Amino acid sequence: MSKKRILIVEDEWVIANDIEIRLQDMGYEVLAIVSTGKKAIAKAQELQPDLVLMDIKLNGEIDGIEAASQIYSQFYIPFVFLTAFSDKKTLERAKIAEPFGYLIKPFKERELQIAIEIALYKHAAEKKLKESQEWLSTTFNSICDAVVTIDAKSLITYMNRHAISLTGWTAEEALGRPLNDIFCIITEDTGREAGYLANMVLVSGQPITSISCISIPKGMGSRKDNIKMYVEGSAAPIKDNMGGVVGAILIFRDVTQERLIEERVRLAERLAALGRMSAGVAHEINTPLTGIIMFSSIMLNRLSPDNADDRESLELIIESAQRCSRIVNGLLRFSSTITSNRIDVNVNAIIEALLEDLYKPSDSITLPLRKILKQSNFENISIETNLDPSLPSIKADATQIEEVFINVLTNAADAINGVGALLIKTRQFSCEQKPCVEIEFTDTGCGIDEGHKHRLFEPFFTTKTVGISTGLGLAISYGIVKIHGGDITFKSETGKGTSFFIRLPCNG
């Protein structure tokens, strides 16, 4: 076994030489003797001893306590304090430095040896513990899930880098705080918070193998936005050697994207089923409706002008039948999977033409869909456009794409319902490494309630008054965009507005 190498820091040379002789007799190697704190730091860096024997009272700017603290923090070298002073103030400062030993002068040879061996053993044990902690931390940070540990009082004791990313808190900010202060995790089935689940594990000592939650981070850092996420995970107790529960470990994984994909798949399946049913129902209803409207119109023409009651009844029948016919035609458009007239379409040109029609007299507009747009209330809405002049064309049915834009615009006008603003932007976008065009419609309207978001593209779902809307506009738009190989998404905040994003593949 190699000799342990020791640096002596002592400003009284007689004492220093005596210590050196004693150490050599004990079998240690004395690397050097220095008399000031600055020299001690320099020699420790140069020689890298196994231990420093440090006199507390040293001449110069840096005393022994400060020098020892710097040596340990910079070079991780243990130290034992030597002092002839044992006053309370000095002891308190020495304790803060966390020495590996403390000897009061004069000391016996045996006391010196015991202090050195304990210090070396303690440092070796601490080094092993530190390496173990670093290995454990590296392991936890390599896990692709968020790992959080808490003590028996539900206070945070550790967070890996994925937990830091998930919550927005740094480890320094989070340590020692209650779990519920860091982020709010609410189980989907019971509505219980994370703190309650952790307490269940701490009290019962039993793991919870599957947790499905909605998480709203309470971040002080990068996650101040309080974006709702879906997380899944588990929790298990941490036990000591006697089997007592001393804490818990919680593991969470952000499954928001998976949930969104699942919801889109379910929506697509529902819409496909509804589309097939709608096509059959629409064809069955359309024929008798046509007959009702035609024969009611004939009867109306045969009535004399002074037969007011019968004329009013027939007009009501015709009006109601025509409304049903519009719904049927909407169903047919919703169920249609045919885009028979695909041509090169300039998206910017369609948007500019629609906005131009908003300011034309009503009788000069001949296209039915544009008449619908004209009837919407844009009078007090300021419209700003930011259209990319280099936007490539798309291969599409221009009428259907126009219908999508009209549906989104009319919904924006209804959401604003008075004074507000609308921004329309176009830009080039990459969808799964394929070139696309993206059209954004952002309004300052009332926004979409959280409970309505998952139903937004469902046929016949509407928050408007019965008779005002059929609830087919966005469902039809969704189908049209999907038929063209694109995607339509939105983000919304209640009371602040909504943004729709329509992405369509470019030519080629």
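Colleague: Why is F405 called buried?
Modeller: F405 has a relative accessible area of 1%, and buried means under 20% (exposed is over 50%, partly exposed in between; 1.4 Å probe, protein chains only). F405 is therefore buried. F441, with a relative accessible area of 3%, is buried by that rule too. The model is predicted, so local features need pLDDT of at least 70 and side-chain atom pairs pLDDT 80 or more, whereas totals for chains, interfaces and linings use all residues. Residues are numbered from 1 along each chain as its sequence is written, and side-chain values use heavy atoms, without hydrogens and water.

Colleague: How many aromatic pairs are there, and what makes Y72 and F100 a tilted one?
Modeller: The count comes to eight aromatic pairs. Y72 and F100 lie 5.5 Å centre to centre, with 55° between the planes. Rings of Phe, Tyr and Trp (its six-membered ring) pair if their centres lie within 6.5 Å; planes under 30 degrees apart are stacked, over 60 edge-to-face and the rest tilted. The value of 55° therefore makes this pair tilted.

Colleague: Which parts of the chain does this pair link?
Modeller: Y72 belongs to helix α3 (residues 64-75), while F100 sits in the loop between α4 (88-96) and β5 (102-104), 28 residues apart. Helices (H or I, at least four residues) and strands (E, at least two) are DSSP runs, numbered from the N terminus. F100 is buried, at 6% relative accessible area.

Colleague: What makes F405 and F441 a tilted pair?
Modeller: Their centres are 5.6 Å apart and their planes 55°, which is tilted. This pair joins helix α14 (residues 398-416), holding F405, to strand β16 (residues 434-443), holding F441; the two residues are 36 apart.

Colleague: How do you know that K122 lies over the face of F100?
Modeller: K122 is 5.3 Å from the ring centre. The rule asks for NZ of Lys or CZ of Arg within 6 Å of the ring centre and within 35 degrees of the ring normal. K130 likewise lies over the face of Y76, at 4.4 Å from the ring centre. Both rings belong to one aromatic cluster, formed by Y72, Y76, F79, F81, F100 and Y102.

Colleague: Why are α12 and α14 called oblique to each other?
Modeller: Their axes come within 10 Å and cross at roughly 50°. Angles under 35 degrees count as roughly parallel, over 145 as roughly antiparallel, 65 to 115 as roughly perpendicular and the rest as oblique. The two helices are therefore oblique. Buried residues of α12 (residues 347-357) include I350, I351, L354 and L355.

Methods:
Axes are lines fitted to C-alpha atoms, for helices over the stretch in contact, and angles run from 0 to 180 degrees between N-to-C directions.
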